Amino acid sequence: MFTLRPVCGEAFLDREELLQELVETLSSSRQKMGFALVGPRRMGKTSLFLETVRRLKEIPGVVPVYLSLWELVEGTPEELSRELISASLDAFREEGLLPLKVQARGLLKAPLELLRDIIGGMKISLKLREEIELVLMLTRGRGQAGPGELISRALALPEKLARESGVRCALFLDEFPTVLELRQGGKPLGEGVVRRLRTEYETMENLVLSISGSVRSTMEAVTLRPAAAFWRQFIVREVGPLPKRAVEELLRRNLDRTLTPEALSKLWDFTQGIPFYVQFIGRELSRGRGRTITEAEVEKTLAEFLNEEGEVMFQEQWQRLSAKERKILQVMSHGYAAPTAIAREADESPNTVSQYLQYLKGKGLVERPEPGRWRIADPVFARWLGIHTR
Ligand SMILES: Nc1ncnc2c1ncn2[C@@H]1O[C@H](COP(=O)(O)OP(=O)(O)OP(=O)(O)O)[C@@H](O)[C@H]1O
Ligand SMILES: [Mg+2]
(Lines give C-alpha, C1' and ligand atoms only; values in the text may rest on other atoms or scores of the structure.)
(Ligands and ions follow the chains in the order given, each with its own letter.)
Protein backbone atom coordinates (compact mmCIF):
# COMPACT_ATOMS: atom_id res chain seq x y z
CA MET A 1 0.00 0.00 0.00
CA PHE A 2 1.06 3.58 -0.61
CA THR A 3 1.61 5.59 2.53
CA LEU A 4 2.53 9.09 3.58
CA ARG A 5 4.05 7.90 6.84
CA PRO A 6 7.66 6.81 7.38
CA VAL A 7 8.22 3.24 6.20
CA CYS A 8 10.41 0.37 7.34
CA GLY A 9 10.66 -3.37 6.75
CA GLU A 10 9.05 -4.69 3.56
CA ALA A 11 7.81 -1.28 2.51
CA PHE A 12 11.25 0.30 2.68
CA LEU A 13 12.88 0.41 -0.75
CA ASP A 14 16.44 0.87 -1.94
CA ARG A 15 19.22 2.75 -0.07
CA GLU A 16 20.80 -0.60 0.73
CA GLU A 17 24.38 0.67 0.71
CA LEU A 18 23.71 3.50 3.14
CA LEU A 19 21.66 1.24 5.37
CA GLN A 20 24.43 -1.33 5.54
CA GLU A 21 26.90 1.36 6.44
CA LEU A 22 24.63 2.62 9.21
CA VAL A 23 23.95 -0.81 10.62
CA GLU A 24 27.55 -2.01 10.44
CA THR A 25 29.08 1.13 11.90
CA LEU A 26 26.55 1.51 14.67
CA SER A 27 26.76 -2.08 15.78
CA SER A 28 30.55 -2.35 15.71
CA SER A 29 32.23 -1.67 19.04
CA ARG A 30 35.34 -0.49 17.21
CA GLN A 31 33.47 2.42 15.66
CA LYS A 32 32.92 5.46 17.81
CA MET A 33 31.08 7.77 15.44
CA GLY A 34 27.41 8.00 14.68
CA PHE A 35 25.77 9.62 11.65
CA ALA A 36 24.31 12.95 10.70
CA LEU A 37 21.69 12.55 7.99
CA VAL A 38 21.15 15.73 6.05
CA GLY A 39 18.35 15.98 3.54
CA PRO A 40 15.41 18.13 2.55
CA ARG A 41 11.91 17.51 3.82
CA ARG A 42 10.11 14.33 2.69
CA MET A 43 13.24 12.64 1.35
CA GLY A 44 13.05 9.68 3.75
CA LYS A 45 15.33 10.48 6.71
CA THR A 46 12.93 9.19 9.34
CA SER A 47 12.34 6.02 7.33
CA LEU A 48 16.10 5.45 7.14
CA PHE A 49 16.43 5.78 10.89
CA LEU A 50 13.46 3.53 11.56
CA GLU A 51 14.74 0.84 9.19
CA THR A 52 18.17 1.05 10.82
CA VAL A 53 16.52 0.67 14.24
CA ARG A 54 14.58 -2.35 12.99
CA ARG A 55 17.76 -4.04 11.74
CA LEU A 56 19.79 -3.16 14.83
CA LYS A 57 17.15 -4.78 17.03
CA GLU A 58 18.09 -8.10 15.46
CA ILE A 59 21.75 -7.71 16.42
CA PRO A 60 22.70 -8.85 19.91
CA GLY A 61 24.59 -6.37 22.05
CA VAL A 62 23.06 -3.26 20.53
CA VAL A 63 20.04 -1.39 21.85
CA PRO A 64 18.64 1.19 19.44
CA VAL A 65 16.66 4.12 20.86
CA TYR A 66 14.72 6.45 18.55
CA LEU A 67 13.23 9.84 19.33
CA SER A 68 11.94 12.54 17.00
CA LEU A 69 12.23 16.06 18.30
CA TRP A 70 9.35 17.04 16.06
CA GLU A 71 7.09 15.03 18.32
CA LEU A 72 7.62 17.42 21.20
CA VAL A 73 4.53 19.51 21.86
CA GLU A 74 5.56 21.82 24.66
CA GLY A 75 9.10 22.24 23.38
CA THR A 76 10.59 22.50 26.86
CA PRO A 77 13.76 20.89 28.26
CA GLU A 78 11.59 18.97 30.72
CA GLU A 79 9.56 17.45 27.93
CA LEU A 80 12.63 16.50 25.89
CA SER A 81 14.19 14.89 28.96
CA ARG A 82 11.02 12.96 29.75
CA GLU A 83 10.73 11.68 26.21
CA LEU A 84 14.39 10.70 26.12
CA ILE A 85 14.14 8.83 29.40
CA SER A 86 10.96 7.10 28.41
CA ALA A 87 12.26 6.07 24.97
CA SER A 88 15.45 4.73 26.57
CA LEU A 89 13.75 2.80 29.34
CA ASP A 90 11.31 1.25 26.89
CA ALA A 91 14.06 0.22 24.49
CA PHE A 92 16.04 -1.52 27.24
CA ARG A 93 12.87 -3.08 28.56
CA GLU A 94 11.97 -4.46 25.14
CA GLU A 95 15.40 -6.04 24.86
CA GLY A 96 14.78 -7.74 28.17
CA LEU A 97 17.62 -5.83 29.81
CA LEU A 98 15.50 -3.88 32.21
CA PRO A 99 12.97 -5.72 34.31
CA LEU A 100 10.21 -3.17 34.31
CA LYS A 101 6.60 -4.24 34.34
CA VAL A 102 5.03 -1.00 33.21
CA GLN A 103 5.68 0.99 30.07
CA ALA A 104 7.93 3.93 30.82
CA ARG A 105 5.12 6.32 30.00
CA GLY A 106 3.22 5.00 32.99
CA LEU A 107 6.29 5.50 35.13
CA LEU A 108 6.48 9.13 34.13
CA LYS A 109 2.95 9.80 35.27
CA ALA A 110 2.98 7.60 38.36
CA PRO A 111 2.47 9.23 41.73
CA LEU A 112 5.62 9.65 43.77
CA GLU A 113 5.18 6.68 46.10
CA LEU A 114 4.42 4.29 43.29
CA LEU A 115 7.32 5.65 41.27
CA ARG A 116 9.76 4.93 44.10
CA ASP A 117 8.29 1.44 44.45
CA ILE A 118 8.67 0.60 40.80
CA ILE A 119 12.19 1.93 40.56
CA GLY A 120 13.11 0.20 43.81
CA GLY A 121 12.01 -3.10 42.28
CA MET A 122 14.27 -2.83 39.23
CA LYS A 123 17.13 -5.29 39.20
CA ILE A 124 19.82 -2.74 38.53
CA SER A 125 22.49 -1.18 40.71
CA LEU A 126 21.44 1.11 43.51
CA LYS A 127 23.38 3.94 41.89
CA LEU A 128 21.44 3.62 38.66
CA ARG A 129 18.12 3.37 40.49
CA GLU A 130 18.94 6.56 42.32
CA GLU A 131 19.92 8.26 39.10
CA ILE A 132 16.67 7.27 37.39
CA GLU A 133 14.68 8.56 40.33
CA LEU A 134 16.63 11.80 40.37
CA VAL A 135 16.20 12.61 36.67
CA LEU A 136 12.53 11.74 36.84
CA MET A 137 12.12 14.10 39.77
CA LEU A 138 13.96 16.82 37.91
CA THR A 139 11.63 16.51 34.91
CA ARG A 140 8.76 17.09 37.32
CA GLY A 141 10.31 20.40 38.25
CA ARG A 142 11.43 19.12 41.65
CA GLY A 143 14.92 20.00 42.66
CA GLN A 144 17.33 22.47 41.18
CA ALA A 145 18.70 21.85 37.74
CA GLY A 146 19.27 24.17 34.84
CA PRO A 147 17.93 23.10 31.42
CA GLY A 148 21.41 22.08 30.26
CA GLU A 149 21.97 19.86 33.25
CA LEU A 150 18.53 18.31 32.98
CA ILE A 151 18.93 17.32 29.33
CA SER A 152 22.51 16.13 29.92
CA ARG A 153 21.36 13.86 32.70
CA ALA A 154 18.59 12.50 30.51
CA LEU A 155 21.12 11.85 27.74
CA ALA A 156 23.42 10.13 30.21
CA LEU A 157 20.73 7.68 31.23
CA PRO A 158 20.85 5.41 28.15
CA GLU A 159 24.67 5.50 28.42
CA LYS A 160 24.49 4.32 32.00
CA LEU A 161 21.90 1.68 31.21
CA ALA A 162 24.09 0.45 28.37
CA ARG A 163 27.22 0.36 30.50
CA GLU A 164 25.51 -1.58 33.22
CA SER A 165 23.99 -4.08 30.77
CA GLY A 166 27.26 -4.41 28.89
CA VAL A 167 25.75 -3.36 25.57
CA ARG A 168 26.05 -0.51 23.15
CA CYS A 169 23.25 2.00 22.80
CA ALA A 170 22.59 3.56 19.39
CA LEU A 171 20.57 6.71 19.98
CA PHE A 172 18.78 8.40 17.08
CA LEU A 173 17.63 11.95 17.55
CA ASP A 174 15.52 12.77 14.50
CA GLU A 175 15.32 16.51 13.64
CA PHE A 176 18.01 17.21 16.24
CA PRO A 177 18.49 20.96 15.47
CA THR A 178 15.07 21.51 17.04
CA VAL A 179 16.94 21.59 20.39
CA LEU A 180 17.89 25.11 19.38
CA GLU A 181 14.22 26.06 19.62
CA LEU A 182 13.58 24.63 23.08
CA ARG A 183 12.21 27.24 25.45
CA GLN A 184 12.05 27.61 29.15
CA GLY A 185 9.81 30.29 30.61
CA GLY A 186 9.36 31.67 27.10
CA LYS A 187 13.10 32.15 26.62
CA PRO A 188 14.93 30.17 23.91
CA LEU A 189 17.80 28.07 25.25
CA GLY A 190 19.82 28.30 22.06
CA GLU A 191 23.27 26.93 21.47
CA GLY A 192 24.34 26.71 25.12
CA VAL A 193 22.40 23.48 25.54
CA VAL A 194 23.93 21.96 22.42
CA ARG A 195 27.43 22.68 23.78
CA ARG A 196 26.47 21.18 27.09
CA LEU A 197 25.24 18.03 25.37
CA ARG A 198 28.47 17.82 23.40
CA THR A 199 30.52 17.98 26.59
CA GLU A 200 28.40 15.26 28.16
CA TYR A 201 28.55 13.13 25.01
CA GLU A 202 32.33 13.34 24.78
CA THR A 203 32.85 11.27 27.88
CA MET A 204 30.42 8.53 26.89
CA GLU A 205 31.66 5.11 25.96
CA ASN A 206 28.61 3.00 25.38
CA LEU A 207 26.36 5.46 23.62
CA VAL A 208 26.66 6.41 20.00
CA LEU A 209 24.51 9.27 18.79
CA SER A 210 23.09 9.79 15.31
CA ILE A 211 21.08 12.81 14.28
CA SER A 212 19.12 14.10 11.30
CA GLY A 213 17.94 17.47 10.11
CA SER A 214 15.97 18.94 7.21
CA VAL A 215 17.10 22.52 7.39
CA ARG A 216 20.61 23.05 6.16
CA SER A 217 21.34 26.21 8.17
CA THR A 218 20.38 24.67 11.51
CA MET A 219 22.34 21.51 10.73
CA GLU A 220 25.27 23.81 10.01
CA ALA A 221 24.77 25.53 13.34
CA VAL A 222 24.90 22.26 15.30
CA THR A 223 27.38 20.14 13.35
CA LEU A 224 28.40 21.08 9.82
CA ARG A 225 30.34 24.24 10.57
CA PRO A 226 33.80 24.33 12.20
CA ALA A 227 32.41 26.54 14.97
CA ALA A 228 29.51 24.16 15.67
CA ALA A 229 29.37 22.22 18.94
CA PHE A 230 29.18 18.83 17.19
CA TRP A 231 31.67 19.64 14.42
CA ARG A 232 33.32 16.41 13.19
CA GLN A 233 31.36 14.32 15.66
CA PHE A 234 29.37 12.54 12.99
CA ILE A 235 29.74 10.77 9.70
CA VAL A 236 27.72 13.10 7.49
CA ARG A 237 25.50 11.52 4.82
CA GLU A 238 23.13 13.23 2.42
CA VAL A 239 19.73 11.67 1.89
CA GLY A 240 18.66 12.32 -1.69
CA PRO A 241 15.88 11.10 -3.98
CA LEU A 242 15.25 7.45 -4.80
CA PRO A 243 16.67 6.12 -8.08
CA LYS A 244 14.36 5.45 -11.00
CA ARG A 245 14.32 1.69 -10.51
CA ALA A 246 13.11 2.11 -6.90
CA VAL A 247 10.34 4.43 -8.02
CA GLU A 248 9.24 1.90 -10.65
CA GLU A 249 9.38 -0.86 -8.07
CA LEU A 250 7.25 1.12 -5.62
CA LEU A 251 4.62 1.71 -8.30
CA ARG A 252 4.70 -1.85 -9.60
CA ARG A 253 4.26 -3.30 -6.14
CA ASN A 254 1.41 -1.11 -5.04
CA LEU A 255 -0.58 -0.51 -8.19
CA ASP A 256 -2.75 -3.14 -9.76
CA ARG A 257 -2.90 -0.92 -12.83
CA THR A 258 -0.07 -0.43 -15.30
CA LEU A 259 1.45 2.83 -16.40
CA THR A 260 2.24 3.41 -20.04
CA PRO A 261 5.91 4.32 -20.60
CA GLU A 262 4.86 7.93 -21.29
CA ALA A 263 2.82 8.05 -18.08
CA LEU A 264 5.74 6.67 -16.11
CA SER A 265 8.13 9.19 -17.53
CA LYS A 266 5.71 12.06 -16.69
CA LEU A 267 5.55 10.83 -13.14
CA TRP A 268 9.31 10.55 -12.90
CA ASP A 269 9.82 14.08 -14.28
CA PHE A 270 7.42 15.44 -11.72
CA THR A 271 8.62 13.63 -8.60
CA GLN A 272 12.32 13.42 -9.47
CA GLY A 273 12.41 10.41 -7.18
CA ILE A 274 11.32 12.23 -4.01
CA PRO A 275 9.60 9.36 -2.20
CA PHE A 276 6.81 11.38 -0.59
CA TYR A 277 5.52 12.59 -3.95
CA VAL A 278 5.74 9.13 -5.47
CA GLN A 279 3.73 7.71 -2.57
CA PHE A 280 1.14 10.47 -2.79
CA ILE A 281 0.60 10.42 -6.54
CA GLY A 282 0.73 6.62 -6.50
CA ARG A 283 -2.08 6.56 -3.96
CA GLU A 284 -4.21 8.86 -6.09
CA LEU A 285 -3.60 6.73 -9.18
CA SER A 286 -4.47 3.54 -7.30
CA ARG A 287 -7.96 4.93 -6.80
CA GLY A 288 -8.59 5.36 -10.51
CA ARG A 289 -10.31 2.89 -12.81
CA GLY A 290 -9.15 0.87 -15.80
CA ARG A 291 -6.18 -1.40 -16.38
CA THR A 292 -3.85 1.20 -17.85
CA ILE A 293 -2.84 4.58 -16.63
CA THR A 294 -2.31 6.97 -19.50
CA GLU A 295 -0.19 10.06 -19.69
CA ALA A 296 -3.37 12.17 -19.65
CA GLU A 297 -4.54 10.60 -16.40
CA VAL A 298 -1.17 11.25 -14.77
CA GLU A 299 -1.26 14.85 -15.98
CA LYS A 300 -4.70 15.36 -14.51
CA THR A 301 -3.64 13.81 -11.20
CA LEU A 302 -0.55 15.99 -11.01
CA ALA A 303 -2.55 19.14 -11.71
CA GLU A 304 -5.01 18.26 -8.96
CA PHE A 305 -2.17 17.51 -6.59
CA LEU A 306 -0.60 20.91 -7.21
CA ASN A 307 -3.88 22.73 -6.75
CA GLU A 308 -5.02 21.00 -3.61
CA GLU A 309 -2.04 19.49 -1.78
CA GLY A 310 0.45 22.01 -3.13
CA GLU A 311 -1.59 24.76 -1.57
CA VAL A 312 -1.58 23.03 1.82
CA MET A 313 2.09 22.10 1.68
CA PHE A 314 3.65 25.24 0.29
CA GLN A 315 1.44 28.21 1.09
CA GLU A 316 2.59 28.60 4.69
CA GLN A 317 6.27 28.37 3.85
CA TRP A 318 5.70 30.87 1.05
CA GLN A 319 4.01 33.34 3.38
CA ARG A 320 6.94 33.23 5.77
CA LEU A 321 9.41 34.45 3.12
CA SER A 322 10.40 38.06 2.59
CA ALA A 323 9.30 39.95 -0.51
CA LYS A 324 12.77 39.75 -2.05
CA GLU A 325 13.10 36.03 -1.40
CA ARG A 326 9.73 35.46 -3.07
CA LYS A 327 10.65 37.50 -6.09
CA ILE A 328 13.87 35.56 -6.57
CA LEU A 329 12.09 32.21 -6.25
CA GLN A 330 9.41 33.34 -8.67
CA VAL A 331 11.99 34.23 -11.26
CA MET A 332 13.78 30.92 -10.66
CA SER A 333 10.55 28.97 -11.06
CA HIS A 334 10.50 30.20 -14.66
CA GLY A 335 13.82 28.53 -15.31
CA TYR A 336 16.41 31.24 -14.68
CA ALA A 337 19.50 29.71 -13.08
CA ALA A 338 22.46 32.09 -13.32
CA PRO A 339 22.63 34.84 -10.66
CA THR A 340 23.10 37.52 -13.32
CA ALA A 341 20.00 36.37 -15.22
CA ILE A 342 17.99 36.14 -12.01
CA ALA A 343 19.15 39.63 -11.05
CA ARG A 344 18.09 41.04 -14.42
CA GLU A 345 14.64 39.41 -14.32
CA ALA A 346 14.06 40.34 -10.68
CA ASP A 347 15.34 43.84 -11.24
CA GLU A 348 17.84 43.57 -8.39
CA SER A 349 21.60 43.96 -8.21
CA PRO A 350 23.65 40.76 -8.65
CA ASN A 351 25.06 41.30 -5.15
CA THR A 352 21.63 41.38 -3.58
CA VAL A 353 20.63 38.26 -5.50
CA SER A 354 23.78 36.41 -4.38
CA GLN A 355 23.13 37.34 -0.78
CA TYR A 356 19.48 36.22 -0.93
CA LEU A 357 20.42 32.98 -2.68
CA GLN A 358 22.58 32.23 0.36
CA TYR A 359 19.63 32.88 2.71
CA LEU A 360 17.40 30.65 0.61
CA LYS A 361 20.06 27.97 0.59
CA GLY A 362 20.21 28.10 4.39
CA LYS A 363 16.48 27.48 4.42
CA GLY A 364 16.99 24.52 2.12
CA LEU A 365 14.89 26.09 -0.62
CA VAL A 366 17.53 26.45 -3.32
CA GLU A 367 20.70 24.59 -4.21
CA ARG A 368 23.66 25.08 -6.50
CA PRO A 369 24.14 21.88 -8.50
CA GLU A 370 27.19 23.36 -10.24
CA PRO A 371 29.15 26.62 -9.98
CA GLY A 372 27.19 29.55 -11.33
CA ARG A 373 23.87 27.67 -11.61
CA TRP A 374 21.13 27.65 -9.02
CA ARG A 375 17.80 25.89 -8.83
CA ILE A 376 14.83 25.47 -6.54
CA ALA A 377 15.62 22.40 -4.46
CA ASP A 378 12.15 20.85 -4.49
CA PRO A 379 11.00 20.33 -8.11
CA VAL A 380 7.36 20.14 -7.03
CA PHE A 381 7.58 23.42 -5.14
CA ALA A 382 9.11 24.92 -8.28
CA ARG A 383 6.12 23.76 -10.34
CA TRP A 384 3.66 25.04 -7.80
CA LEU A 385 5.36 28.43 -7.90
CA GLY A 386 5.37 28.43 -11.67
CA ILE A 387 1.58 28.02 -11.71
CA HIS A 388 0.65 30.21 -8.80
CA THR A 389 2.71 33.22 -9.44
CA ARG A 390 2.37 33.74 -13.14
N1 LIG B 1 13.02 3.96 1.25
C2 LIG B 1 11.75 4.29 1.03
N3 LIG B 1 10.94 3.47 0.30
C4 LIG B 1 9.66 3.80 0.06
N5 LIG B 1 9.07 4.92 0.53
C6 LIG B 1 9.81 5.76 1.25
C7 LIG B 1 11.17 5.49 1.54
N8 LIG B 1 11.66 6.49 2.29
C9 LIG B 1 10.63 7.36 2.46
N10 LIG B 1 9.52 6.93 1.85
C11 LIG B 1 8.22 7.63 1.83
O12 LIG B 1 8.50 9.02 1.67
C13 LIG B 1 7.72 9.82 2.55
C14 LIG B 1 8.63 10.61 3.48
O15 LIG B 1 9.35 9.72 4.31
P16 LIG B 1 9.97 10.13 5.71
O17 LIG B 1 8.89 10.64 6.60
O18 LIG B 1 10.80 9.02 6.16
O19 LIG B 1 10.91 11.34 5.23
P20 LIG B 1 11.54 12.52 6.06
O21 LIG B 1 12.73 12.97 5.29
O22 LIG B 1 11.74 12.11 7.46
O23 LIG B 1 10.38 13.60 5.95
P24 LIG B 1 10.00 14.83 6.93
O25 LIG B 1 10.76 15.97 6.38
O26 LIG B 1 8.52 15.01 6.72
O27 LIG B 1 10.38 14.44 8.30
C28 LIG B 1 6.78 8.85 3.23
O29 LIG B 1 5.60 8.81 2.49
C30 LIG B 1 7.48 7.51 3.14
O31 LIG B 1 6.57 6.45 3.13
MG1 LIG C 1 11.17 12.89 9.27
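Arg42 is partly exposed in this predicted model, because 18 other C-beta atoms lie within 10 Å of its own; with C-beta atoms placed from the backbone, 20 or more such neighbours make a residue buried, 12 or fewer make it exposed, and counts in between make it partly exposed. Arg42 is found in the loop between β1 and α2, where helices (H or I, at least four residues) and strands (E, at least two) are DSSP runs numbered from the N terminus. The phi of Arg42 is near 65°, a positive value in a residue other than glycine. Most residues other than glycine have a negative phi. Asp347 counts as exposed because it has 8 C-beta neighbours inside 10 Å.

Residues are numbered from 1 along each chain as its sequence is written, while chains are lettered from A and ligands numbered from 1 in the order in which they are written. As the model is predicted, local features need pLDDT of at least 70 and side-chain atom pairs count only at pLDDT 80 or more, whereas totals for chains, interfaces and linings use all residues.

The domain assignment divides the chain into domain 1 (9–238), domain 2 (244–318) and domain 3 (321–388); these bounds come from an automatic or database domain assignment. The centres of domain 1 and domain 2, taken over C-alpha atoms, are separated by 36 Å. Five residues of domain 1 are in contact with six residues of domain 2, contact being defined as C-beta atoms, placed from the backbone, that lie within 7 Å. On the side of domain 1 that touches domain 2, two residues are nonpolar, one is polar and two are charged. In this division Ala, Val, Leu, Ile, Met, Phe, Trp, Tyr, Cys and Pro count as nonpolar, Asp, Glu, Lys and Arg as charged, and the others, Gly among them, as polar.

Ligand 1 is surrounded by 22 residues, the closest being Arg41, Gly44, Thr46, Ser47 and Pro275; a residue is near the molecule if its C-beta atom, placed from the backbone, lies within 6 Å of it. Nine residues of this shell are nonpolar, seven polar and six charged. At least two shell residues come from each of α2 (45–57) and α12 (275–286). Ligand 1 lies between domain 1 and domain 2, because both give residues to the shell around it.

An open sheet is formed by five strands in the order β2-β3-β6-β1-β7, with parallel pairing; two strands pair if DSSP finds at least two bridges between them. The edge strands, each pairing on one side only, are β2 (62–68) and β7 (234–238). From one strand to the next the twist averages 15°. Seven bridges join β2 to β3, and Val63 has Cys169 in β3 as its bridge partner. Strand β3 (residues 168–174) is in turn joined by five bridges to strand β6 (residues 207–213), running parallel to it; here Leu173 is partnered by Ile211. Six of the seven residues of β2 are buried.

Helix α2 lies across β1 (34–38), β2, β3 and β6 and runs at about 155° to β2; axes are lines fitted to C-alpha atoms, for helices over the stretch in contact, and angles run from 0 to 180 degrees between N-to-C directions. In helix α9 (residues 216–224), the buried residues are Arg216, Thr218, Met219, Ala221, Val222 and Thr223. Their cover includes β1, α8 (191–202), β6, β7 and α16 (350–362).

Strands β10 (residues 366–370) and β11 (residues 373–376) run antiparallel and are joined by three bridges. The two strands form a hairpin with two residues between them, and Gly372 in the turn has a positive phi of about 85°. Val366 has Ile376 as its bridge partner in β11, and Glu367 stands opposite Arg375. The covered face of β11 holds Trp374 and Ile376, and the uncovered one Arg373 and Arg375.

Met122 lies in the loop between α5 (112–120) and α6 (126–139). Met122 is partly exposed, because 16 other C-beta atoms lie within 10 Å. Beyond its neighbours within four places in sequence, Met122 is in contact with Leu98, Pro99, Leu100 and Arg129. The C-alpha atoms of Met122 and Leu302, 180 residues apart along the chain, are separated by 56 Å.

Technical notes. Contact = placed C-beta atoms within 7 Å.
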